[in-house]
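Subject: A structure for you to look at

Hi,

Here is the structure I promised to pass on. Have a look at it first, and then read on for what turned up.

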Amino acid sequence: MTALVAYATHSGATRTLAVTLAGSLREAGLACDLVDIADGPDPASYNAVVLGSGVRIESIEKSAASWAETHAEVLAERPFAFFSCSGSASDPKKAGKQKATDAFLATLTRDPVAVANFPGWVLMDRIPLHERVLLKSMRTPTGDFRDLPAVAAWGREIAPLLRG
Ligand SMILES: Cc1cc2nc3c(=O)[nH]c(=O)nc-3n(C[C@H](O)[C@H](O)[C@H](O)COP(=O)(O)O)c2cc1C
C-alpha cells in the first residue's frame with residue numbers, strides 16, 4: 001500500500017513537517033509519496049492520505065481546503081489524517097486548540113483517523129512586507145517553534161491507523 005502526504009504551505013514550515021512525517025512513515029514500513037498540494041495530487045491513487053496545512057488568519061490554506069472539498073468522497077473512503085502547522089500551537093495555553101483545524105474538520109463528512117496541531121515558524125524574512133506589518137501589529141511571537149521529533153512520533157503513532 002502507498003500513502004499520500006500532501007501539504008499546503010506559504011512560508012515553508014509545513015513542508016519541513018511533511019518531510020519529517022513522510023520519513024517517519026517510511027521508517028514504520030509504509031511506502032509514501034510527498035506532494036505539494038499546488039501540484040494537484042490525486043488521492044484516489046493512494047490507499048491512505050495525510051493532509052498538512054499552514055494556518056493563516058485562523059484558517060487553513062485555501063488550497064488545502066478546496067483540495068479536500070474537491071476530493072471529499074475519496075478522502076472519506078480511505079484512512080485520512082490531518083495536521084496543521086501554526087504559530088499558536090507553540091503557546092502551551094493554546095496547545096491542542098486550533099480554530100482553523102476545528103473549522104476545517106467541520107467541513108468533512110467523516111472524522112479523520114488522526115488530527116494534530118503542530119507549531120511551525122514565524123520568520124519575518126520569509127513573509128511578504130504587508131504580512132510582516134500585520135503580524136507585528138498583532139504582536140505575534142517570532143521564531144522557529146517546530147518540534148520535529150514530535151512530528152516523527154506522530155508518524156509512528158498513525159502508521160497503523162493509515163494501514164487500516
Ligand atoms: C499573514 C499570517 C497570518 C497568520 N495567522 C495565524 C493565525 O491566525 N493563527 C496561528 O496560529 N498562526 C498564524 N500565523 C503563523 C503561521 O501559521 C506559521 O508561520 C506557520 O508556520 C505557517 O506555515 P507555513 O510556513 O507552512 O506557511 C500566521 C502567519 C502569517 C504570515
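Burial first: 45% of the 164 residues of the chain count as buried. Please keep in mind throughout that this is a predicted model.

Along the principal axes, the C-alpha atoms fill a box of roughly 45 × 30 × 30 Å. If you look at contacts in the chain with a separation of 6 or more, 77% of them are between residues 24 or more positions apart.

As for the fold, you will find six helices and eight strands. Their order along the sequence is β-α-β-β-β-α-α-β-α-β-β-α-β-α.

Charges come next. There are 17 positive and 18 negative side chains, and 7 Å lies between the centres of the two sets.

For Cys-32, the nearest cysteine sulfur is that of Cys-85, 18 Å away, whereas a disulfide would need the two sulfur atoms within 2.5 Å. Cys-85 is likewise in no disulfide, with the sulfur of Cys-32 as its nearest. Cys-32 is buried, with a relative accessible area of 6%, and Cys-85 counts as buried too, at 5%.

A few single residues are also worth a visit.

Glu-61 sits in the loop between strand E4 (59-60) and helix H2 (62-70). Is this residue buried or exposed? Its relative accessibility is 11%, so Glu-61 counts as buried, the cut-off for that being under 20%. Beyond its neighbours within four places in sequence, Glu-61 is in contact with Ala-8, Thr-9 and His-10 and also with Ser-53, Gly-54 and Arg-56.

Leu-123 belongs to another loop, the one between strand E7 (121-122) and helix H5 (129-137). This residue is partly exposed, with a relative accessible area of 24%. Once residues up to four places away in sequence are set aside, Leu-123 touches Gly-143 and Asp-144.

Finally, some backbone angles. Most residues other than glycine have a negative phi. Which way does Ile-57 go, positive or negative? Ile-57 has a positive phi of about 50°, although it is not a glycine. You will find Ile-57 in the loop between strand E3 (48-56) and E4, where it counts as exposed at 71% relative accessibility. Arg-139 also has a positive phi, of about 55°, and is not a glycine either. The loop that holds Arg-139 runs between H5 and strand E8 (143-144), and the residue counts as exposed, with a relative accessibility of 75%.

Best wishes

Key: Residues are numbered from 1 along each chain as its sequence is written. This is a predicted model: local features need pLDDT of at least 70, side-chain atom pairs count only at pLDDT 80 or more; totals for chains, interfaces and linings use all residues. Side-chain values use heavy atoms; hydrogens and water are left out. Helices (H or I, at least four residues) and strands (E, at least two) are DSSP runs, numbered from the N terminus. Buried means under 20% relative accessible area, exposed over 50%, partly exposed in between (1.4 Å probe, protein chains only). Contact means heavy atoms within 4.5 Å. Lys and Arg count as positive and Asp and Glu as negative; His and the chain ends are not counted. The place of a charge is taken as NZ of Lys, CZ of Arg, CG of Asp or CD of Glu.
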